[in-house]
Every structure is written in C-alpha cells, then in structure tokens.
Amino acid sequence: MSSIKTKILGLGIYLPQKILHNKDIEKIVETTDAWIFERTGIRERRVSSTDGGEYPTDMAMKATEEALKEAKIDRNEIDMIIFASVTPDMPIPNSSTILQTKLGITNKCGCFDVAAACSGFVYSLDLADSMIKSKKARNVLVVGSEMLSTIIDWEDRGSCILFGDGCGAAILGQTPEGEDSDILASYLSADGTGKEYFNSPVGGATEPLTINNIARKEHLMHMKGKDMFKVATRTLAQNSKVVLEKAKLGVNEIDWLIPHQANIRIINTTVDLLDFDPKKVVINIEKYGNTSSATIPIAMYEAIKDGRIKRGHNLVFSTFGAGLTSASMIVKY
Ligand code: UT7
C-alpha cells in the first residue's frame, strides 16, 4: 500500500452575482415561495450571466485562483486538471483544456472532463487521490462547475425550482510529513437502469439536435422527481455506511456530514437513517439550491470559512445524480 497521503491543499468557490428568489420564480411558473421552501428547503439560487464572465470555465478560473492562493503552489505545479460538469462550456474541446488556457498554465498538463452528473466532483476527487497515491500526478486540480440554468425547462415547475449555478475547485496534493490529512475511503457506484429518471435525451450521437426536437424541448433536462427522491433517500445513507465500514470508523467519529444538496427532505431522511447528529450536517441548500457537481465543494468551503470544519476533522461526502451515479467518501481534512 502507498504510504503517500492526499491532502486538500486549497479550496475556492465562485457563485454568480444574480440571485433568483422563489418570489421571482412565482412570476415564471405557477408556484409559491411557501411550497418551494416547504417541499425542498430552497429560498433562492444563483443564475450565471449570459453576457460572459460567468460561464462554467470562467467560474472555475475564479474559484481556482482562490484555491491556488491557499495551496501556495505555482499554477504550473498543477499537473492534472479534472473538470466535472453536465454543463461544459461546449461539447468540444473539453472544459478542462479551456480552463488550463484561462489559468495561464503552460506546462501542458493532462486535462479531462468527468461526466458523472451530481456525483462528478466526488468521482473526480477519487481519481485525483488515486493519481497522487500512485505518483502519476503531484498536484491535481478538481473542479465542479455548473451552469444548469441553460438546460432547465423554465416552464416545468417540478424541476426549475430546484437548480442553480455555481462552482467549487479543490487542489489536491501529497500530505506533508507529520500531518495526517488524507482521503480515507471512497465508494463510487452507479445503476444505469435508472437512466430514465433524469436525462437530456437529445443533442448527442443517437439523436442530434434538430429544430423539431429543440421545439419539443427535448434537449433540456427531464426529471422524474419522485423516483429520484426515492433513490436518493436510500443511496446517500447506504453509501455512507459503506465508506464508514471501509475506513473502520463509527458514525460518532465523523465530525461533519456534507451531503449533496438536492432537497432538505432527502438530507433529513439520510441523517435519520444514519442516526447522525443533525447539528453536524453542513446544509446551504436554502441559498443555492442544487448546483449538481458543485454542491459539496461549495458547502465544504463555507463550513471551513465560518470555522465549523477544522484541519483534522473527519468528513463524509455523499452524493447521487443522473445516471444514476452515486459516490461517498471519507476525508480527514
Ligand atoms: O441531483 C438530483 C436531482 N434531483 C432530485 O434530487 C429531485 C428529487 N425530488 C424532489 O426533490 C421532489 O420530488 C420535488 C421537489 C421535485 C417534488 O416534490 P414532491 O413533494 O415529490 O411533489 P410531487 O411531484 O409529488 O407533487 C405534489 C403536488 C402535485 O400536485 P397534485 O398532483 O398533488 O395536485 C404537483 O403538481 O405538488 C405539485 N407541484 C407543485 N406545486 C407548486 C409540483 N411542483 C410544484 C411547484 N409548486 N413547484
């Protein structure tokens, strides 16, 4: 086994300027602030500007600049970029290479995107951890950046209320001698039989975009909310138990649970199923809604900045999303 440990050297986030409150959505579809808040826990979300400066790689660039300052490394010491997103800037080239250029990284580091929906950030952290521990990379930039507002059907009240735009970026590297930060366990999973629960069925090779399928809005995201809800409540807790067992840790040895921010009722059920202390759960869904691959780094960042999460704390990440993908991880921060 590798003696190398992996540390999150720096974190950064970017949230678009524009705030869309539930009251604003009341003007778009038949809904109410009260219904949305009671059924989801969301009050407002951020929406990226379409005038430029807040596209997924722009947000990623800003979040990474912040992460670089904390990591105290030169940008050319990043030797791999992994970009998790379901809303890349464009289909070709991948967003990680666009980000590499925007960051002014000139070392020709490897760049690839991960399409694992809301689980993308945790999938990417696991990849980064493997690369660092196998000495294939020294410093890996992992980004979760989403501009979901571009694929939301703004006439579907069952889904448009849930999502928001935003980005989180983490730089991972080797833990210095004498420190104990590490990724202690992870579990990546998927169940492809659930693909009908959440998809954008056109715009790929099997059905390229046409005027007709765009008119039918088939290029936008379609979600069976109730089905997703049921899977989520099972998966988040089950997968968390898998990583706890892998790391040989009890629930009471976990300092903070950072669940995917999809619905407050999903989070509460997960906490009940794990018999976890609700005071040790990081929740910010009220302010940002579901930002897909960006929910976990944004929540983690905020809890570090306000002093809740400290170095040495044991954190559990647990997420699920379209695919249906899911991923859990234990990090000694
Ligand atoms: O990253 C993962 C992505 N997705 C998810 O995690 C989604 C998980 N699912 C959910 O969060 C919930 O299923 C929703 C929030 C999407 C829906 O909540 P629900 O409690 O499951 O509502 P429902 O779909 O069962 O609808 C209940 C009622 C329906 O009316 P009737 O048929 O009972 O008269 C809906 O038409 O609520 C109605 N409804 C709304 N009413 C006001 C659905 N959406 C709205 C709305 N405002 N926005």
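This is a predicted model: local features need pLDDT of at least 70, side-chain atom pairs count only at pLDDT 80 or more; totals for chains, interfaces and linings use all residues.

Residues are numbered from 1 along each chain as its sequence is written, and side-chain values use heavy atoms, with hydrogens and water left out.

**Around the ligand**

- The shell around the ligand holds 23 residues, of which Thr31, Arg39, Lys226, Asn263 and Asn290 come nearest, where a residue is near a molecule if one of its heavy atoms lies within 4 Å of it.
- Polar contacts are pairs of N or O atoms within 3.5 Å, and an oxygen atom of the ligand lies 2.7 Å from a side-chain N or O atom of Asn263, while for Arg157 the distance from a polar side-chain atom to a ligand oxygen is 2.9 Å.
- Domain 1 (6-174) and domain 2 (182-332) each give at least three residues to this shell, the domain bounds coming from an automatic or database domain assignment.

**Pockets**

- A pocket is an open set of points on a 1 Å grid over the protein atoms alone, where a 1.4 Å probe fits, with protein on both sides within 12 Å along at least five of seven lines, and its lining residues have an atom within 4 Å of a point.
- The largest pocket contains about 1,100 Å³ of space, a volume being the space filled by probe spheres set on the points.
- The second largest pocket is lined by 24 residues, with Lys226 and Asn263 among those nearest its centre.

Key:
A polar contact is a pair of N or O atoms within 3.5 Å; within protein, one must be able to donate a hydrogen and the other to accept it, and residues adjacent in sequence count only if both atoms are side-chain atoms.
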